[in-house]
Amino acid sequence: MTRRPLLVTAGWIGAAVLAVLVGLAAISVIGNGLTGSEARPLSAAEVADELARQQASVVASAVPSASAGTGTRPPASPSTTAGTRTLPTRGGTVVGRCAGSRPEIVSMSPKQGFELHERDRGPQDGEAEGEFRGLADNHDRVKFDVVCAAGRPGLVLDRED
């Protein structure tokens, strides 16, 4: 009977060693897939090339839809629109542009500690306004209007906050 506990102990040790080896092999296979040459970071030139390629495809796809007889022009991309500007605020960043004399909010990105509370993109009603609101204090607000002056967007902060 002394032989049976010895076999059980050897079996458990063998199973533990086998489990560790299988785990190490699995981590090695997964690690190679995550950190292999396919997952290397892109250089600045590669990023610029990829952005240019994506932007060209977006502009190219917009052109045929505009020539369908509607009489409207395709929307200009942000990099080719002289009237697009990044406008920083205390609560975040606003990207605005002018569609003729009408302001438009392209995007809004809140800073850490703020959230996007309200956005009227414009330009359909001639007004483009938004609000960032603090996460910790609901009364910490940054309200603003995007305006167009001489074809360039600008920011007017509401002074009630």
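**An aromatic pair and its surroundings**

Biologist: How many aromatic pairs does the count come to in this predicted model?

Modeller: The count comes to one aromatic pair. Its members are Phe132 and Phe144.

Biologist: Why is the pair of Phe132 and Phe144 called tilted?

Modeller: The planes of Phe132 and Phe144 stand 35 degrees apart.

Biologist: Which strands does the pair link?

Modeller: Phe132 belongs to strand E5 and Phe144 to strand E6, twelve residues apart. Both strands are part of an open sheet of four strands, in the order E4-E5-E6-E7 with antiparallel pairing.

Biologist: How do you know whether Phe132 is buried or exposed?

Modeller: The relative accessibility of Phe132 is 0%. Buried means under 20%, so Phe132 is buried.

Biologist: Is Phe144 buried or exposed?

Modeller: Phe144 has a relative accessible area of 1%. That value is under the 20% limit, so Phe144 is buried too. Phe132 and Phe144 are among the ten residues of the largest nonpolar core, and E6 supplies the largest share of this core, three residues.

Biologist: What stands opposite Phe144 in E7?

Modeller: Leu157 stands opposite Phe144. Strands E6 and E7 run antiparallel and are joined by six bridges.

How values were computed
Residues are numbered from 1 along each chain as its sequence is written. This is a predicted model: local features need pLDDT of at least 70, side-chain atom pairs count only at pLDDT 80 or more; totals for chains, interfaces and linings use all residues. Side-chain values use heavy atoms; hydrogens and water are left out. Two strands pair if DSSP finds at least two bridges between them. Helices (H or I, at least four residues) and strands (E, at least two) are DSSP runs, numbered from the N terminus. A nonpolar core is a set of buried Ala, Val, Leu, Ile, Met, Phe, Trp, Tyr and Cys residues joined through side-chain atoms within 4.5 Å. Buried means under 20% relative accessible area, exposed over 50%, partly exposed in between (1.4 Å probe, protein chains only). Rings of Phe, Tyr and Trp (its six-membered ring) pair if their centres lie within 6.5 Å; planes under 30 degrees apart count as stacked, over 60 as edge-to-face and the rest as tilted.
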